[in-house]
Amino acid sequence: MTATKIRARIAGTGLYVPPKVLKNQDLEQFMDTSDEWIRQRSGIEERHVIEGGIATSDLAVESARIALAEANCTPESIDLIIVATLSPDHQFPGVSAVLQHKLGLETTPSMDLRCQCSGFIYSLNVAKLFIEAGQYKRVLVVGAEAHSPLLDWTTRGRDVAVLFGDGSGSVVLEATEDNVGVSSVVLHSQGQFADRLWVEKPGTSKGVWLTEEDRQAGRMFPFMEGRYVFKHAVERLTQVVKEVLEKEGLSIDAIDHFLFHQANIRINEKVAELLSIPSYKVHSNIQKYGNCSAASIPMLLDETIRAGKIARGQTILMAAFGAGFTWAGAIVRY
Ligand code: ACO
């Protein structure tokens, strides 16, 4: 008798963004930019930002609670917590440990995964493997980012600051014997390009303390070679979509929904064009939230499900590209 294959199905999802909204026009108060420039270059219209001592773990706990309620389960029933983030509350411990405590848990294992904008798909893969191996039955996967306190909100930082927002998205994955859930996943990284999109300092390789010169040069803020990253994002996303489809033995036509990382609407339009993906299958919410790095895909997943666009049994392809460089693709049967 052959053993039944255990799979990791999506039992519930959640989205949370802090209440404060910054519209493109609001940014004109701090820097030389315009609504027109931001919309045309990125598709972004507004983003949510934290205030008043709120940290990444506070965003994480809100979306986690929603996902747990949707999955009809308690925090105590979770066997493992994974948080994908590039904007942790502290250098250490990770957000996952802080979140675990905020969920009222005692000793549930928790881990952070740092793969920037690809972090959610990497985490999904880790969760899937734990579940398929039988080690855990229910895993909470959270993407959470509080970018706004880490950005340079002056004209010097405008090429990056206008693109990012704060938010979190959570997914509860649980073991099932049904033929649904996270299926093929493909992961890549290329550290050769680490310095094309990074926060240079503080860090152990470049000096733990910021010098006056570092401050003046803005080395503690994200740096991005925008055009270079754009070109690589289009190329790698296109490749990874093909790769994950091939691994699964499916064609574009067999995919009901494409959830791409929300870095720039033009990147996703270009990828869709290159792969001849019909635009109605490509979802986006960057207009309202900006780039929320590891949180973008779970936020989009939750919103698209809640809008009634994704039905149980349908097939979703997720793909992301970000700093590292890292990129990843996954096929999920909802
Ligand atoms: N407002 C007004 N003008 C601006 C702004 C702004 N916010 N930012 C830059 N500009 C100016 C530039 O200074 C430049 O002026 P110049 O021509 O006088 O020198 C001009 O606008 C054009 O700048 P470009 O950088 O060439 O603009 P581009 O069309 O390439 O768009 C963008 C920039 C939106 C950043 C794009 O390159 C992009 O989306 N890159 C990829 C982003 C991405 O995918 N990131 C990965 C995920 S993020 C992560 O992993 C953390």
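Modeller: The sheet is open and mixed in its pairing, with 5 strands in the order E1-E7-E6-E4-E5. Strands (E, at least two residues) and helices (H or I, at least four) are DSSP runs numbered from the N terminus, and two strands pair if DSSP finds at least two bridges between them. This is a predicted model, where local features need pLDDT of at least 70, side-chain atom pairs count only at pLDDT 80 or more, and totals for chains, interfaces and linings use all residues. Residues are numbered from 1 along each chain as its sequence is written, and side-chain values use heavy atoms, without hydrogens and water.

Biologist: Which are the edge strands?

Modeller: Strand E1 (7-16) and strand E5 (110-113), each pairing on one side only.

Biologist: How does E4 run against E5, parallel or antiparallel?

Modeller: Parallel, with 4 bridges joining E4 (residues 80-84) to E5. Ile82 has Met111 in E5 as its bridge partner.

Biologist: And how many bridges join E1 to E7?

Modeller: 9, and those two run antiparallel. Gly14 is bridged to Ser170 in E7. E6 and E7 are also antiparallel, joined by 8 bridges.

Biologist: Is E7 mostly covered or exposed?

Modeller: Mostly covered: 9 of its 10 residues are buried, meaning under 20% relative accessible area with a 1.4 Å probe, protein chains only.

Biologist: Switching to helices. Which strands does H11 lie across?

Modeller: Helix H11 (residues 296-306) lies across E1, E6 and E7, at about 90 degrees to E1. Angles run from 0 to 180 degrees between N-to-C directions of lines fitted to C-alpha atoms, for helices over the stretch in contact; contact means heavy atoms within 4.5 Å.

Terms used
Buried < 20%, exposed > 50% of the residue type's maximum accessible area, 1.4 Å probe, protein only.
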